[in-house]
Amino acid sequence: MIDREQVLHVARLARLELTDDEVGRMSEELSAVLGHIEKIGELDLDGVLPTTHVVEVSNALRSDVVEPSLAPAVALANAPAVADGGFLVPSPQAGADPS
Amino acid sequence: MDYEPVIGLEVHAQLLTQAKIFCGCSAKFGGVPNHHTCPVCLGMPGVLPVLNKKVVEYAMKMALAANCRINGECSFARKNYFYPDLPKGYQISQYDEPLCRGGHLGDVRIHRVHLEEDAAKLVHAGASGRIHGSDASVVDFNRGGTPLAEIVTEPDVRSAAQAREWLTLLRTTLRRLGVSDVNMEEGSLRCDANISIRPVGSTELGTKTELKNMNSFRFIERGINAEVARQEALLRDGGQVVQETLHFDPRTEAITSLRSKEEAHDYRYFPEPDLVPVATSVEMLAAARDAMPELPAAREERLQALGISAADARQLAWRTELGDYFEAALASGNSRVGVQSLANWVCNELVARVGEDDPNASKVRPDALAGLVALVAAKAVTVGNAKLVLDRLVAEGGDPAQIVEAEDLGAIAGGDDALEPIVDAALAANADAAEKIRAGNMKAIGAIIGHVMRETKGRADGAEVTRLVRSKLGL
C-alpha cells in the first residue's frame, strides 16, 4: 500500500503539485500498480538476469567526429527567457545541488 | 585519544574527445555560450543518445592503467534529479554495471570507474552585475553532455598530503595516457573527498562528510586538513559528526554545510532505455592494451632499478617531460656519466633553473647537460664552475666543453704542479688556520680552500686541495 506520505514524497521529487483528491487517487492507483509487480514477484526467477532491453543488441557506438551544432538562436528558441547568450532561469536554492 | 583520518576520493576527469559523449557537438572547453548544443544535449523530447566510441576506448585505457577489472558488459542508468543544469531531469550515468570495479593506482585501491555525462554550466546572473536581482542564473549548455569518467577510490587515504600526492600520480597518469587534459582551472579534473576520522588503532569507520568540488590540489590539501580538524574538535568536545555535504572556501578556510533536503539524494536510478549495453570485446581490450604508454608508476620502478634514488625516480617519472629529458641525456651516449649524478643534475640544478617549464624547450640540450656532467665526472671542471657553465647553457645554449675552454673554467688537474704553490701561499696567508688544522680542527680547512678557490677562480678541485693541505701539514 502506497500511503499519502509516500505519494507526496514522490510528487516532490517529480516537482508535481497534487490536490488532496489527487493524492488520494494516486495512492490507490500506485498501490494497484505495485500489486501487479508483487504478483510477478511470486514467480521463481532465481538465475534469471534482469532484462533491461528486449532486443539483444550491444555496442551501438558513434565515431568521435564533431558535427554541426544548432544555431544559437534556434537552441535558445524555447528558452523562457534569454540573457548573456544563455537560458535565464531562477537561481536554484543555495545548496540544493544534489549531484 | 589520537585520531586518524580515513579519506576516500571521487575524481571526475573530463575525457579529451572531440565530440560530446552522446552527440556530435564539440566537447571543447569554453566557447561562446550555447554554441555547442543540439537536440540531444539540450534534452529535447524524442531524441536518442548514441555513445561515443572514443569515450569507451579512453575509459578502458584508464581502467588498465589503474589495474582495474573491466566488466565484460556495462550499461547506463538514469540518475534522476531536478536542477537547471540538467535539461532532461536526469543525468545519464552508470549505476549497477559500471565499466569497471576494483584495481589500484599506487598505494590506493580503486573501488570503481564509471562513465557519465557532465552537466551544463550555471552562471549566477547576479555575479555579472548586469542583470537585476541575484536570484537568476544563466545556463550554458556547451559543457552539458561532455564525457566524464568518475574514479572512486576505497577509503585508503590517511592524510591530506597523501591525497594530494595520489592525485598528482593520477593526474600524471591521465596526462600520460592522453585521455584527459587534467586542467583543474578549466574543471577537467574535479575532486570530492569523503572524510571521516577514527581513534588510531580502530578498524571501524566513523561518520563521513563529503567535501565537494575542490578545484586545485592546494585547496584539496587545505580543505581536507580543515575538515579533519573540525571533526576532531567536534569529537573532543563530546559532539558527533553529522553526515552531510560540505563546501570549503579557500579564501576564508571556512567549511559550510550545503544543506540539501534528504530526499534530494533519492535518485531513483533505473536502466537507461535509450542506450544499449556496451560489451567489451577481446579486440577492444587488446587495442587499448597496445596503445598503453609506459605509465608513471612503472617508469618510477624502472628508474629505481637503474640505481636512481627513490625521490629522484619519482620526480622524473611523475613529471613526464622531465623524465623524457633525463632519458634523452642518458641516451646521448656518454659512458662516463653516472646515472645518479645525471639524475642529480636534472632534478636539482636544472629544475632549479627552469622551474616548472618543460626542460626540453630550454636552451640546454640533453646531450649538453650529459656532456657537462661527464666533464665533472672526469674532474675537468669543478662542481662549482660546472654550475656556472649550466647558467650559461640555460641562458644561451651551446656546448659545455667550449664554454669551459672559452671562459677558462677548466679545473686545475690534481697532479698539476700549478696547484702546489697556490696551496703553499694559502697556508702562509692563513697561518692560524693552518695551526688549527694541525691541532686536529679540520673545520679550519675551509679558510684554506676558500683562499685557493679565490686564487684559481674556482678551478681547483676541493678534494685535491684537501689532500695537498694534509700532506703539507704532515697529517
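Contact here means heavy atoms within 4.5 Å. By that rule, in this predicted model, the contact draws 40 residues from chain A and 60 residues from chain B. The model scores ipTM 0.87 and pTM 0.81.

The area buried between chain A and chain B is about 4200 Å². Carbon and sulfur atoms give 59% of that area. Polar contacts also cross the interface of chain A and chain B: 17 residue pairs are found, with both residues at pLDDT 80 or more. Salt bridges between chain A and chain B number zero.

Several elements of chain A build the side that touches chain B. At least two residues each come from α1 (4-13), β1 (61-62), α3 (72-75) and β3 (86-90) of chain A. The largest share, five residues, belongs to β3(A). By residue type, the side of chain A that touches chain B holds 19 nonpolar, 14 polar and seven charged residues.

Confidence was examined for chain B. The mean pLDDT of chain B is 89, and 95% of its residues reach 70 or more. Residues 129-133 of chain B are an exception, with pLDDT below 50. Beyond near neighbours in sequence, this stretch has seven contacts in the model. Where pLDDT is low, predicted coordinates should not be read in detail.

How values were computed
Residues numbered from 1 in each chain as written. Chains lettered and ligands numbered in written order. Predicted model: local features only at pLDDT ≥ 70, side-chain atom pairs only at ≥ 80, totals over all residues. Heavy atoms only, no water. Buried area = accessible area lost by both parts, 1.4 Å probe. Salt bridge = Lys/Arg side-chain N within 4 Å of Asp/Glu carboxyl O. Polar contact = N/O pair within 3.5 Å; in protein donor to acceptor, adjacent residues only side chain to side chain. Helix = DSSP H or I, 4+ residues; strand = E, 2+ residues; numbered from the N terminus. Nonpolar A, V, L, I, M, F, W, Y, C, P; charged D, E, K, R; others polar. pLDDT = per-residue confidence, 0-100.
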